[in-house]
Amino acid sequence: MATPHDSRCDRLWRNARLATFAGDGLGIVEDGLVAARDGRIAYGGPAGDAPAFDAAETIDCAGRWITPGLIDCHTHLIHAGDRAREFEMRLDGATYEEIARAGGGIRSTMTATRAASEAELVGSALRRLDTLIAEGATTVEVKSGYGLTLDDELKMLRAARALGEARRVRIRTTFLGAHALPPEWADDPDGYIGLVCDTMIPAVAEAGLADAVDAFCEGIGFSAAQTERVFAAAAAQGLPVKLHAEQLSNLHGAALAATHGALSADHLEYLDDAGVAAMARSGTVATLLPGAYYFVRETKLPPIAALRAAGVPIALATDCNPGTSPLTSLLLVMNMGATLFRLTVTECLRGVTCNAARALGLQDEIGTIEAGKACDLAIWDVGHPSELVYRMGFNPLHARIWSGQ
């Protein structure tokens, strides 16, 4: 029996169908009700089992579907400039690696980002963020990694934090100093990693600007040994780790990340069975990025069947970045996950909700409709949640709720 205090709520959504994502599937509730109190879910489930809530405001959803707010768990939202010319080069036959070695790629964006002010970075990123928000995103991860000096990396992370002050959205920041080798360190990659580990990570941690640390473990990025140094430095500061791994080749980065308890390993086109097993043991999330796969015209699929069989949680994200995935639509990401990777509807939807929350270490806070979690919701004008995966270029968002409002 609910007490009078238990039945008080700020807002009540009734006459709704819910996809709660509690448990293993969609968690469908046909006649559902969600109640919010102090920014958190007080109840989310069958209307017939709900307390008699005393609500300050009641919203009739007219049979619409409610899901958790969508989560984009891998973006490079903060950057200056674009790489449209490189897109043309790629269409003419140049590979991602050839463009990078010719001075394009990440270094091109680095030059533009270093030249931009913090306010300019915030302004350009807000346009990209607003597109995500308009499709129901309530949490977005944002990486640094285009500054590659201490001052410029701090500038990027401050700009990322500012996004969460300018909009009603949860921003998680990730320090990605080990993204590429800046030209001033071209002859001394180990020296640059020393700077990342001994100077940048401690400074970022002291400033409280990062929620996690990431690296790019790849032939055109950093070796497994260098990546391990980054992980050790992150651990010394009490920061969890993530990793760009096995995108272009297999350096066994995902297995390394798993041994360090990484929140996620991302991309994973060249992941092998040993890497899958290591991720399964550690609970590391496989974050797949179909936008990058599509944009660079990759042909090697991530090992979806092996990940599925091993029970590795699969998340999906935009990888929004100027060079390999200029994408700001989680709805399109889900369709790509289904059509390119043959993920199921349930896998796609869980990939941008509960599993994306896990990839950020926020599974106890967001990602499902359950009492006690943040009341981040998306209300949709669809006949069934499968429409969110099925349609392309169609945004059926009716309302977006962040922290109960």
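The buried residues of helix α3 are covered by several elements, including α2 (96-101), α4 (118-134), α5 (150-166) and β11 (212-217). This is a predicted model.

**Helix α3**

Which residues of α3 are buried? Within the helix, which spans residues 106-115, they are I106, T109, M110 and T113. Viewed down the axis of α3, these buried residues fall within an arc of 110°, so they line one face of the helix. An α-helix has 3.6 residues a turn, so residues three or four places apart point the same way. The face turned away from the buried side of α3 carries T111 and A115, which are exposed.

**Strands β12, β13 and β14**

Strand β13 pairs with β12 in the parallel sense. Strand β13 also runs parallel to β14. The table lists both pairings.

| Strand pair | Residues | Sense | Bridges | Residues opposite each other |
| β12 and β13 | 242-245 and 264-267 | parallel | four | H244 and D266 |

What handedness does the unit of β12, α8 and β13 have? With helix α8 at residues 253-259, this β-α-β unit is right-handed.

Back in the pairings, D266 of β13 stands opposite H244.

Notes
Residues numbered from 1 in each chain as written. Predicted model: local features only at pLDDT ≥ 70, side-chain atom pairs only at ≥ 80, totals over all residues. Heavy atoms only, no water. Buried < 20%, exposed > 50% of the residue type's maximum accessible area, 1.4 Å probe, protein only. Helix = DSSP H or I, 4+ residues; strand = E, 2+ residues; numbered from the N terminus. Arc of directions from axis to C-beta. Contact = heavy atoms within 4.5 Å. Pairing = 2+ DSSP bridges. Right-handed = clockwise from strand over helix to strand, strands pointing away.
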